[in-house]
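Welcome! Take a moment to look over the sequence and the structure below, and then we can walk through some of its parts together.

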Amino acid sequence: MSRLGSLGEWDESRVKIRANKKGSRPRTKDRPRHEDSVTGRIVTVDRGRYRAIVAEDTPEERLVIAARAKELRRQPIVPGDLVQLVGDTSGAKDTLARLVRIDERASFLRRSADDTDPVERPVVANADQLVIVVAAANPEPRTGFIDRALVAAFDAGITPVLCITKCDLKDPTELIEAYSAIDITVLATRTLDSGGDAAPHSPEANEPRGSADVEESAVEAVRRACNGKVSVLLGHSGVGKSTLVNALTGADRATGGVNAVTGRGRHTSSSALMLRVPDADPGTWIIDTPGVRSFGLAHVEPDNVVAAFEDLAPAVADCERGCTHSPTAPGCALDAWVAEGHAGPTGPARLASLRRLIQAETDEHQREKHLGHHPAPEPDLPKGTP
Ligand SMILES: Nc1nc2c(ncn2[C@@H]2O[C@H](COP(=O)(O)OP(=O)(O)OP(=O)(O)O)[C@@H](O)[C@H]2O)c(=O)[nH]1
Ligand SMILES: [Zn+2]
């Protein structure tokens, strides 16, 4: 698949993840043999400690805490990563396993510089879909944010889903129409009359976060859309993400209870974390991204975004090398392709949508040029950790 294929074409000057680059596996003699390793799925990362679920969905399922081997020191390891663990993988109290390998990733969501944080950060690995959560109102939906999240999803090889909350406050039709030219699943949720915030949310109200009841049929629709998949939820503060996550997972953030599977109560960093969805098929996970409020796109390649539009993508073969596919790009073949009818009757609307996304991305490039590039630091390893 072309989108996943793009994973093999990272600009290595920016992202140094060689061991996972397709077709460049380390030679056997360089690679430690760990025949007795077990596979784990990383659920949280916190100051050099990796919590992984081992033997998922079997009677032996357990949470194993691991430290990474020296040779992986320079590699980002993020929630969703499938890893190989050796040593004490019993998961017994006070044991520490060793994380010796990161399995090849099916997708990799990253964000890069924004105005306040000029650093490229990996967010999650192996996600199937990115659920972009916006409120129909309060706060007002920002299409710029949605567009940028769409670009990030397409670039990462992840299917985007748009989830519009607070539909009890405003009819979402207009917002949905703005995205009708893009093939994207749209979910609409609302809370019951008894809960929610018709008035702006005030922290002084002493109301636990995410405690309102989401209409059950809406929760069911979201649950169905997420069933059997790994879904990353992304949204600005106040849109009702916690409310939705709680409705889906039963996780009780408000009371500070510790979720047995993720150790959530002890989780202190702002990195993403994975949560189980009860009563769903095996392999159903929700990834909450509490610290991710913005989505820098400086690392995105325009071709990856075009690749997500299957009816438009073939045109790119006739573009000039390095074409940005923006409306002003000299010799961009997309216009002729659509004018000649190759993309069908919806072609012009889809090209307009694509161009809007590319614009969100090129703006970022301009800004990055201005800021200069800063390579990612070690994401979570404190100084002095072996
Ligand atoms: N009217 C209405 N209010 C909602 C809905 N969903 C959530 N809310 C309310 O919106 C406010 C914010 O919800 P949260 O779930 O805390 O929002 P969040 O996106 O997690 O925001 P942070 O907690 O800041 O990260 C709360 O007062 C919720 O009760 C909804 O569908 N309709
Ligand atoms: Zn072009």
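## Ala127 and its surroundings

In this predicted model, Ala127 counts as buried because it has 29 C-beta neighbours inside 10 Å, where 20 or more are needed. You can find Ala127 in the loop between β7 (121-125) and β8 (129-135).

Which residues does Ala127 touch, once its neighbours within four places in sequence are left aside? They are Gly80, Ser107, Leu109, Ile158, Val230, Ser231, Val232 and Ile287.

Ile287, one of the contacts of Ala127, has a list of its own. With neighbours within four places in sequence again set aside, Ile287 is in contact with Pro79, Gly80, Val124, Ala127, Val230, Ser231, Val232, Leu233, Ala272, Leu273 and Met274.

Ile287 also belongs to the largest nonpolar core, which has 90 residues. The residues with the most contacts inside this core are Ala52, Leu109, Leu130, Ile132 and Ile287. Helix α2 (residues 143-156) gives the most to the core, with eight residues. As background, nonpolar side chains tend to be buried together in soluble globular proteins.

Next, turn to helix α4, residues 216-226, whose buried residues are Ala218, Val222 and Cys226. Why do they line one face of the helix? Seen down the axis of α4, the buried residues fall within an arc of 75°, so they share one face. On the other side of α4, the exposed residues are Glu216, Ser217, Glu220 and Arg224.

What do the buried residues of α4 pack against? Their partners are the strands β9 (159-165), β10 (185-188), β11 (230-235) and β13 (285-288), along with helix α5 (241-249). After α4 comes Gly228, which has a positive phi, near 75°.

The unreviewed UniProt entry places a "binding site" feature at Cys319, Cys323, His325 and Cys332. Let us visit two of these positions. Cys319 lies in the loop between α6 (302-307) and α7 (334-339), and His325 is likewise in the loop between α6 and α7.

Are these two residues buried or exposed? Cys319 is buried, because 20 other C-beta atoms lie within 10 Å. His325 counts as buried because it has 24 C-beta neighbours inside 10 Å. Leaving out neighbours within four places in sequence, Cys319 is in contact with His325, Gly331, Cys332 and Ala333.

## Domains and the whole chain

Now step back to the whole protein. Its domain assignment gives domain 1 (2-102), domain 2 (108-288) and domain 3 (302-371). Between domain 2 and domain 3, 11 residues of domain 2 are in contact with 14 residues of domain 3. On the side of domain 2 that touches domain 3, seven residues are nonpolar, one is polar and three are charged.

How many helices and strands does the protein have? There are eight helices and 13 strands. Of its 386 residues, 40% count as buried. Among contacts with a separation of 6 or more, 68% are between residues 24 or more positions apart.

Technical notes: Residues numbered from 1 in each chain as written. Chains lettered and ligands numbered in written order. Predicted model: local features only at pLDDT ≥ 70, side-chain atom pairs only at ≥ 80, totals over all residues. Buried ≥ 20, exposed ≤ 12 C-beta atoms within 10 Å, placed from the backbone. Helix = DSSP H or I, 4+ residues; strand = E, 2+ residues; numbered from the N terminus. Arc of directions from axis to C-beta. Contact = placed C-beta atoms within 7 Å. Domains from an automatic or database assignment. Nonpolar A, V, L, I, M, F, W, Y, C, P; charged D, E, K, R; others polar. Core = buried A, V, L, I, M, F, W, Y, C linked by C-beta atoms within 7 Å. UniProt positions renumbered as here; feature names shortened; annotations may be inferred.
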